[in-house]
Number of protein chains: 2
Amino acid sequence: MVHPRVASTETQPHDGEGELLPTRPLRATEIERFDDEADVVIVGFGGAGASAAIEACGAGARVLVLERGSEGGGSTAQSGGILYFGGGTPIQRACGFDDSVEEMFKYVLAASGPNPDEAKVRAFCEGSLEHFAWFLEQGVEFKPSFYAKKTTEPPTDDCLLYSGNEDCWPFNLVARPAPRGHKPKTTGSAGGLIMKRLMARATALGARVMENARAQTLVVDADGRVVGVAARVLGERRVVRAHKGVILTAGGFIMNPRMVAQHAPKLLAVNIQIGNPGDDGAGILMGVGAGGGTICMGEGFVSMPFYPPSKLVNGIIVNEQGQRFVNEDAYHGRTGDFILRQSGGRAYLIVDNNSYGRPISGMQLKAAEETVAELEGALGLPAGSLTHTVDFYNRHAAAGADPLFHKKRDYLAPLSEPPFAAIDLSIDKAVVPGFTMGGLDTLPTGEVVSAAGTVVKGLYAAGRTTAGIPRSAGGYSSGLSIGCATFFGRRAGRAAAATTTERHGEG
Amino acid sequence: MVHPRVASTETQPHDGEGELLPTRPLRATEIERFDDEADVVIVGFGGAGASAAIEACGAGARVLVLERGSEGGGSTAQSGGILYFGGGTPIQRACGFDDSVEEMFKYVLAASGPNPDEAKVRAFCEGSLEHFAWFLEQGVEFKPSFYAKKTTEPPTDDCLLYSGNEDCWPFNLVARPAPRGHKPKTTGSAGGLIMKRLMARATALGARVMENARAQTLVVDADGRVVGVAARVLGERRVVRAHKGVILTAGGFIMNPRMVAQHAPKLLAVNIQIGNPGDDGAGILMGVGAGGGTICMGEGFVSMPFYPPSKLVNGIIVNEQGQRFVNEDAYHGRTGDFILRQSGGRAYLIVDNNSYGRPISGMQLKAAEETVAELEGALGLPAGSLTHTVDFYNRHAAAGADPLFHKKRDYLAPLSEPPFAAIDLSIDKAVVPGFTMGGLDTLPTGEVVSAAGTVVKGLYAAGRTTAGIPRSAGGYSSGLSIGCATFFGRRAGRAAAATTTERHGEG
């Protein structure tokens, strides 16, 4: 999982001088003189931006990256660094897992939510082995080992893990399960390592990186073509000409409370914003200003990382009716999304002495009692509700079955060893990490399209600035964000570099 | 409720000639000659548009309405015609109900979802008595009578009803319940009557109505101010100048499958689109093209109108785990939204012989058996699941209590008289009416604002083209759509008419 390391900010995408609005592009005719120029200008030097830079440079384009922070890395650098690959990677094969492009496609399509972008899913799955090989070329290493425990991120340097719902009901009915989360070889989080490699490669290939450069708005010509970017660099405005195209890879909008409320109100429940302060929606708004359409803006990731330790998955999660409502072995993003749907956002993880362990995420113990009936009373659950739920669960768990939610046999054992405890997974009491999934509408090439479906010339985007493949909290897998950001970032870089346009005169 | 009368169409908001896109406004400098002009140009002659026209005319503005159909009325004319009023209307008082602006405010705010527009809710509630009086002035009559049965729309000419969740858990904990749905005095649906009165008043006050006039895109001047509309009128393009402003009241986007998939994927479950063919999102896209921001695009109404007959509410609704998950007396929009969240979208209404009645909406019987255990088997529910649920429910219902979901005592009676039956409320088997709730972001005045929060000069909007007060399927009440469309339509009409701007030269 992408680990939260940055708290909420009230960052707003406004120009400090109150002059430039992201949604109001400058007209090229207003620009007296461009301060800089390149073939391809990339906004943001995170996973998507660095990948775009590498490919654009590789295609011979002169690349300038505008990075808002004092150093690049973006949210990818702050993340666990899990990448989603499949179709039979060398790591999958070495670990004895059978996977195919078609099984990966079926899973990713089903996991994308009710409106998958089939063309993007197809490209992503068919290109997965090549994308894995590309990471090796960038100097990223993977250890051919499988981490079997239920976790959000391997604490070891192991690589492969089930990072989503691949082997969980009901997704295990859709496609043959295979683990597809790949963590680069390093102990703990690998996001920093990934970005170190990608940024080094981009600069080695000739990409110029301008740091402390906050893009403010795009520059368009009389035909509406995007031809540049205005940025604030250490307090001064600099307007940069882009001869071939601008690529927006500036993150999502989880750090912008106003946008979250307007577009993805369910994410108001998030209390740990996953991202970096630049995820304030400015990239999306700039794209909108130039005519880009936004899609899936209401979708987002709402997590409930109650495990590890993985033995907690042996517990059962109940709502304020004392009823189960999800298979507890589901990915924590699916669990969070389901808890959000329960009345009052209330949920408790019920464990017995055998399955108890202190959650590393900081979830709190709500009650501990000698009997389930006493626990039911302590939680204020209706009399007879939790006791029935536990009885029913135990009876079937003893036989290795979960007829209600089909939790895997590995996590089925009667809850019978006192004391019994409840860990509070209520939305307003728990640690709830989250991020946005909506953004600019793009073609699989990375070209930004308008709300009417027409291409916005000269404008590309990738990463969280776009609505990519994952567009459902209920189906998210760790590794899809960085996997897609780098995959479609590369495509955007190549597409922008391949743009054949007459070199525009200055203004 | 707003009754579905129009099936889905594949209408797309594209110009037949492939030239004009709603998202690409014309520039005033491109217009050689305007074909017509007015102070205020209104796109759409439904509830919002007619109300805007009346107020703009009343303020002395010259008004031109562009109506896409061969006659006006919009979705309001096709609806049940329930209007949401409160704070102590003459009807509420005559029927013995105590209500106040503050109680209405508390309820509407809570029902708006997690991101209410408090300023709009405040204005709507404080202005409710005046808005009711205004309807009387337009010649709309209301009978001072209360319809007590649970229904989607009174089949009689009675006026007042509980049209939402006012007296249902958990909303009954938030504000003192009062019925606020007001249906004009006519037997059955009243939407046509409302529009007949409003359209007649608008034209009597001097509004010109151009029918068969499909607005295609807006016209903006060099400063980005909206100064007109381009429309297709009986096959010919006509460009209309708006000296004071353009008001977009062109409906939502439930008839545009592409937009539904992109923005409100949960509404893909809707199989009866509530609206008229003009609800194809063109109004929203035109606003976007001129710089308007959209909000709440993921929100929408997903209904499950299993009642009337109201005795069906005595049944219990269970999911494929055989568990209840909602108070069955909740408003059908809330019930639909909750069913959508169950695994597989599966749900069954379980009734006994006493509570059975044929649903008028066309929901189908799934199974009927002599015992609950047999019904459980016939439905393929896990053994012991439904039987426990019914036992638990019956035990408490006999004592007049529902400790799980707090259904009102009126609908609590043990399910004990064989045979027992299940009516299929599964999303893919049932009648699922729905409509969109997202749209242009507006101020309480009706002014459209950009994604950055700045006013788009010369542009106003109301009705489903905007994201108004109701923005949560779980909290919707019948009457809020037409109530808000007319209330904020009036405000937009007044605001546009009050615009003081130099009369622009032609082009």
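Modeller: Happy to! Let's start in chain B of this predicted model, with an open sheet of 3 strands whose order is β11-β18-β13 and whose pairing is mixed. As background, the strands of a sheet pair through backbone hydrogen bonds, in either a parallel or an antiparallel sense. At the edges of this sheet lie β11 (272–273) and β13 (300–302) of chain B, each of which pairs on one side only. Now follow β13(B) to its partner: β18 of chain B, residues 433–436, pairs with β13(B) in the antiparallel sense over 3 bridges. If you want a spot to look for on screen, find Gly300(B), which stands opposite Thr436(B) in β18(B).

Next, step out to where the two chains meet. Here 35 residues of chain B are in contact with 35 residues of chain A. On the chain B side, α8 (257–263), α9 (282–289) and α12 (385–397) each supply at least two of the touching residues. By type, that side of chain B divides into 17 nonpolar, 14 polar and 4 charged residues.

Finally, cross into chain A for a pair of helices. The axes of α1 (residues 47–58) and α7 (residues 191–204) of chain A come within 9 Å and cross at roughly 30 degrees. Angles under 35 degrees count as roughly parallel, so α1(A) is roughly parallel to α7(A). Their crossing is left-handed. Among the residues that meet are Ala50(A) and Ile54(A) from α1(A), and Leu198(A) and Met199(A) from α7(A). The residues of this helix contact divide into 9 nonpolar, 2 polar and 1 charged.

Definitions and conventions:
Residues are numbered from 1 along each chain as its sequence is written. Chains are lettered from A and ligands numbered from 1 in the order in which they are written. This is a predicted model: local features need pLDDT of at least 70, side-chain atom pairs count only at pLDDT 80 or more; totals for chains, interfaces and linings use all residues. Axes are lines fitted to C-alpha atoms, for helices over the stretch in contact, and angles run from 0 to 180 degrees between N-to-C directions. Helices (H or I, at least four residues) and strands (E, at least two) are DSSP runs, numbered from the N terminus. Angles under 35 degrees count as roughly parallel, over 145 as roughly antiparallel, 65 to 115 as roughly perpendicular and the rest as oblique. A crossing is left-handed if the near helix is turned anticlockwise from the far one by less than a right angle, and right-handed if clockwise. Two residues are in contact if their C-beta atoms, placed from the backbone, lie within 7 Å. Ala, Val, Leu, Ile, Met, Phe, Trp, Tyr, Cys and Pro count as nonpolar, Asp, Glu, Lys and Arg as charged, and the others, Gly among them, as polar. Two strands pair if DSSP finds at least two bridges between them.
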